[in-house]
Amino acid sequence: MELLEQKILKDGKIFQGNILKVDNFLNHQVDVELIDAMGKDFAEHFADAGITRVITLEVSGISMAYTAAKYLGVPMVFAKKIESLTLSDDVYSSKVVSYTKNKEYNIRVDRRFLLPTDRVLIVDDFLAKGEALGGLIDLCEQAGATIAGVGIAIEKVFQGGGPKYREKGYHIYSQAMIDHFTEDSVVFVER
């Protein structure tokens, strides 16, 4: 998605450890026009997949998953990382390790919000090594739901998560695919 790639080149910051900081428009402060365009793009890409529910992981994926769900006309649910007194014990649960935080989380979704009859679109902000994606896939598999597609805002192809899950047969659509970083810029995969 050229609009997202241009925003990354203009406002993204590269840090040690292959970290791309996009908190000024994607995952802290949100550029609502960009997020709306991203959600619409996901919905258009997966329009014929029979999606019945969009799922993401709190917190960074919520804005784009919401807009994708809005354009698809289906509910959106997010897996919770933070324990809550209001979340029942009747949940699907999986463990994920955050690449940027180097911390393990137990993610959960109430069983009422992820059903065996669902055709799910997984949406997230980043795909690096595939830890978060693996946890969301695990939740869907526990529910018996069908994973109809995966929508990723930014994929760091060189970190292997995308190729690993594509080899397993998942339909992954990434709006911006990073081949590598130079000292001061981002190089996208030629498409």
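This is a predicted model: local features need pLDDT of at least 70, side-chain atom pairs count only at pLDDT 80 or more; totals for chains, interfaces and linings use all residues.
Strands here are DSSP runs of E with at least two residues, numbered from the N terminus. With that in hand, K156 belongs to strand 8.

**The largest pocket**
- The largest pocket holds about 790 Å³ of space.
- Its lining is made up of 33 residues, and the ones nearest the centre are S98, T100, K101, D125 and F126.
- Sorted by class, the lining of the largest pocket comes out at 17 nonpolar, 10 charged and six polar residues.
- Five elements each put at least two residues into that lining: strand 2 (19-21), strand 5 (91-98), strand 7 (119-127), helix 4 (131-143) and strand 8 (146-156).
- Strand 7 is the top contributor to the lining, giving five residues.

**Positions flagged in UniProt**
- An unreviewed UniProt entry carries the annotation "binding site" for L20, N27 and K156. From this set, L20, N27 and K156 are found in the lining of the largest pocket.
- L20 sits in strand 2, and it counts as buried because its relative accessibility is 6%, under the 20% cut-off.
- Setting aside residues up to four places away in sequence, L20 touches I8, G12, K13, I14, F126, I154, I178, F181 and V186. One of these, F126, is also listed among the residues nearest the centre of the largest pocket.
- K156, over in strand 8, has a relative accessibility of 3%, so K156 counts as buried too.

**Salt bridges**
- The count for the model comes to nine salt bridges.
- D11 pairs up with K10, and their closest N and O atoms are 3.7 Å apart.
- K21 has 36% relative accessibility, so K21 counts as partly exposed. D23, at 25% relative accessibility, is partly exposed as well.
- D110 and R112 meet through their side chains in a salt bridge at 3.1 Å, N to O. Here D110 is buried because its relative accessible area is 7%, whereas R112 is exposed because its relative accessible area is 57%.

**R53, a buried arginine**
- R53 lies in strand 3, which covers residues 53-57.
- R53 has a relative accessibility of 11%, and anything under 20% is called buried, so R53 falls in the buried class.
- Which residues is R53 in contact with, leaving aside its neighbours within four places in sequence? The list runs to V74, P75, V77, F113, L114, L115, D118, R119, V120 and L121.
- R119, V120 and L121 from that list fall within the 119-127 range of strand 7.

Conventions. Residues are numbered from 1 along each chain as its sequence is written. Side-chain values use heavy atoms; hydrogens and water are left out. On a 1 Å grid over the protein atoms alone, a cavity is a set of points where a 1.4 Å probe fits but cannot get out, and a pocket is an open set with protein on both sides within 12 Å along at least five of seven lines; lining residues have an atom within 4 Å of a point. Grid points are joined across faces, edges and corners, and a volume is the space filled by probe spheres set on the points. Helices (H or I, at least four residues) and strands (E, at least two) are DSSP runs, numbered from the N terminus. Ala, Val, Leu, Ile, Met, Phe, Trp, Tyr, Cys and Pro count as nonpolar, Asp, Glu, Lys and Arg as charged, and the others, Gly among them, as polar. A salt bridge is a side-chain nitrogen of Lys or Arg within 4 Å of a carboxyl oxygen of Asp or Glu. Buried means under 20% relative accessible area, exposed over 50%, partly exposed in between (1.4 Å probe, protein chains only). UniProt positions are given in the numbering used here, feature names are shortened, and annotations may be inferred rather than shown by experiment. Contact means heavy atoms within 4.5 Å.
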